[in-house]
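Have a look at the fold first.

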Amino acid sequence: MIAFSRRVAQWQRENGRHTLPWQNTQDPYRIWLSEIMLQQTQVATVIPYYERFLAKFPTVADLAAADEGEVMALWAGLGYYTRARNLHACARQVVSDWGGRFPPTAADIETLPGIGRSTAAAIAAFAYGERSPILDGNVKRVFARHFGIEGDPTKRAVEQRMWAIAHAEVPADGPDAADEMRRYTQGLMDLGATLCTRGDPDCGRCPVRESCVALREARQHELPTPRERKTVPERHTGMLVIEKAGEILLQRRPSPGIWGGLWSLPEFADGDPAQACRVLGVAPAETIRLPVFSHTFTHFKLHIEPWHVQAGSLDLREGDHPQVWLPSAELADAALPAPVKKLLGGLFGHNDLFRP
């Protein structure tokens, strides 16, 4: 039977994705930017962010020279904000330690902030044709099904077995090895994203179906082995939408931490918005309770109780968090967490706050 990697690469040439904005380039900066954005985020969500980032920061030097606030503002809404901070730190290290050029090997790329083993290999494969295997979430699903690997792929023993297979299946060296590696790497990603999907795999169109263990044993919905479900902790917080003359009071979130470096609304925990206002130095002229809503993070679920406060007299006490009064018309361009954008967009009727 034709080698697994060759079948995947050939399928990618004929049926894979070829028009994504970060494809058809060997520029490691553009490739790196897309790989970081695509971590735990869907392609359709990433595309507008990717295009805005490149328009603002066309080179790694431009990104390195940017203020962190500019970076966070463009990232706001994409989630997993540690990625944005690492992105900025990585750009600065590429400029300071590598003369503005990305390192030429996966091993060196992996030393940069925010870049793990699989991401480094993907960048090296696409930019330099390096024969380094990848093993992201989609590839783990493809391998678990095709090679019949049981066990939670996040467990070290299972993951190590998958890495061994990933190394063994790298295309052979030869005159076209670089192109074959790029096709194979992209093909694995495309398979996981378009055919070997989590819920409804399209086995009939899969290029490696003839050797797939899960298809042969009708176990597509058993593999990969699901993670053990854990109870998701729940937290509660109150938020104050304090308005004065058409401006909203925002506080910068501490970094590191949840939403670190972003501007958000003042929070309180004791359920008394009047007391929270007094602590801030705000005398409310009117206070309206808004509907409670929830936002789910990776490790917990946050229930938010918002209050709209029309401020009367002010004697602001900044405390530990920098503050700013922002006109409501400028909220769309502010570095706000996604749930805060949703709240303010609905409250003030700004449809552009809901843009991806």
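Predicted model: local features only at pLDDT ≥ 70, side-chain atom pairs only at ≥ 80, totals over all residues.

Start with Cys277, which is buried at a relative accessible area of 1% (buried means under 20% relative accessible area, exposed over 50%, and partly exposed in between, with a 1.4 Å probe and protein chains only). Cys206 is buried too, with a relative accessible area of 13%.

Residues are numbered from 1 along each chain as its sequence is written, and side-chain values use heavy atoms, with hydrogens and water left out.

Now step back to the whole chain. It has 14 helices and 8 strands, which are DSSP runs numbered from the N terminus (helices are H or I with at least four residues, strands E with at least two). Of its 356 residues, 48% count as buried. The C-alpha atoms fill a box of roughly 80 × 50 × 35 Å along the principal axes. Among contacts with a separation of 6 or more, 66% come from residues 24 or more positions apart, where contact means heavy atoms within 4.5 Å.

On to the charges. There are 13 salt bridges, each a side-chain nitrogen of Lys or Arg within 4 Å of a carboxyl oxygen of Asp or Glu. Take Asp190 and Arg17, whose side chains meet in one at 2.7 Å, N to O. The two are 173 residues apart: Asp190 sits in helix α11 (residues 177–195), and Arg17 in the loop between α1 (4–15) and α2 (28–37). Asp190 is buried, at 0% relative accessible area, whereas Arg17 is partly exposed at 23%.

Glu70 and Lys56 form another salt bridge, at 3.5 Å, N to O. Glu70 is partly exposed at 33% relative accessibility, and so is Lys56 at 45%.

Arg205 and Asp202 also meet in a salt bridge, at 2.7 Å, N to O. Here Arg205 is exposed, with a relative accessible area of 54%, while Asp202 is partly exposed at 29%. Finally, look for Arg13, Asp179, Glu180 and Arg183, which are linked in a network of salt bridges.
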